[in-house]
Amino acid sequence: MTKPELFNKKSKEFLQEKLKKEAFDRITCSFYKYVKIDFPEMVRDELYFEWNKLNILGRVYIANEGINAQISIPKFNWNNFVINLNKHNEFKNMPLKMAIENENNSFLKLIVRVKPQIVADGLTYEEYNLSNIGTHLSAEEFNKYLDKEGTIVVDVRNQYESEIGHFKGAICPDVDTFKESLPIIKDLLSGHEDDKILLYCTGGIRCEKTSAYLKHNNFKDVNQLQGGIISYAHQVKTKNIESKFRGKNFVFDNRMSERISDEVISNCHQCEKPADTHTNCKNQACHILFIQCDKCCEKFLGCCSDDCKKISILPIEEQHVLRKE
């Protein structure tokens, strides 16, 4: 019996062409769960084999502490996916967060990896207790407390995420990683241990660790937006609630963001005109993430500078030589 392949060997170009030819719609969703997984390598292999058969694409991290997934599922396989997920005892009745804007190109391939943690936080197990986390708030409850004097709102995401969208009046730490943010958030909140604190992030996973960390450090009234910005946006639509989120929600797939409100609160990093579209520099040796407006994209061919533009139009063989140098 031939052993099933447990990782993708196809080129990016092949996968892009394959995705273009798909004649069906996909559903993009995300989910996480902190749950004890004794044999993450075995679970990893099972999920890859099962989900690859269902033509699921995306990025999945598994650790002893749980699972964190962002995936794209063929619409006709949605029920099969839910049945499959529920077959795994650790993942039964998983809360699934559907994307606000479903596009078929959110992912190119399926990646399932075993990690030390499902979100790298830099903490030791003595610094938090996941059985003692903040109070989960619905969109309506979150809005109610936002309007109350003395409430402190903290964005638990990175600076490049909050730059294009955040809640009104939120503290947005100037950090590039979640690991950096935790001690900074604790310091920023020093002296407010008795105040009402509201935390939010993309889908809720970073708030779980942050709220546990803050409660461990004697912050008493810690609250978190249940399901994150993704769930908040759905509740705003379905329950006709006022949206207090401004701009876009950054997402970690090929779409880069989902629009939550019509406001554009950030600027092009090149011309400084209003813009909120992230891109990676087309010079693959650079590949820096930055915000670029349509005019600058045309002018610089999707690159962050004239130097990168010059390199990006060279024959690929010459680019390879420059990268080696």
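## Helix H6

In this predicted model, helix H6 (residues 178-188) has the buried residues Phe-178, Ser-181, Leu-182 and Ile-185; buried means under 20% relative accessible area with a 1.4 Å probe, protein chains only. Viewed down the axis of H6, these residues fall within an arc of 105°, so they line one face of the helix. The arc is that of the directions from the helix axis to the C-beta atoms. An α-helix has 3.6 residues a turn, so residues three or four places apart point the same way.

The buried residues of H6 pack against strand E7 (152-155) and helix H7 (205-216), where contact means heavy atoms within 4.5 Å.

## Overall fold

The protein chain has 11 helices and 14 strands, taken as DSSP runs (H or I, at least four residues; E, at least two) numbered from the N terminus. Its radius of gyration is 21 Å, close to the 20 Å given by the globule rule for 325 residues, so the chain is as compact as a globular protein of that length. The radius is taken over C-alpha atoms, and the rule is 2.2 Å times the number of residues to the power 0.38. The C-alpha trace spans about 60 × 55 × 45 Å along its principal axes.

Of the 325 residues in the protein chain, 47% are buried. Among contacts with a separation of 6 or more, 67% come from residues 24 or more positions apart.

## Basis

Residues are numbered from 1 along each chain as its sequence is written. Local features need pLDDT of at least 70, side-chain atom pairs count only at pLDDT 80 or more, and totals for chains, interfaces and linings use all residues; side-chain values use heavy atoms, with hydrogens and water left out.

Definitions and conventions. Buried < 20%, exposed > 50% of the residue type's maximum accessible area, 1.4 Å probe, protein only.
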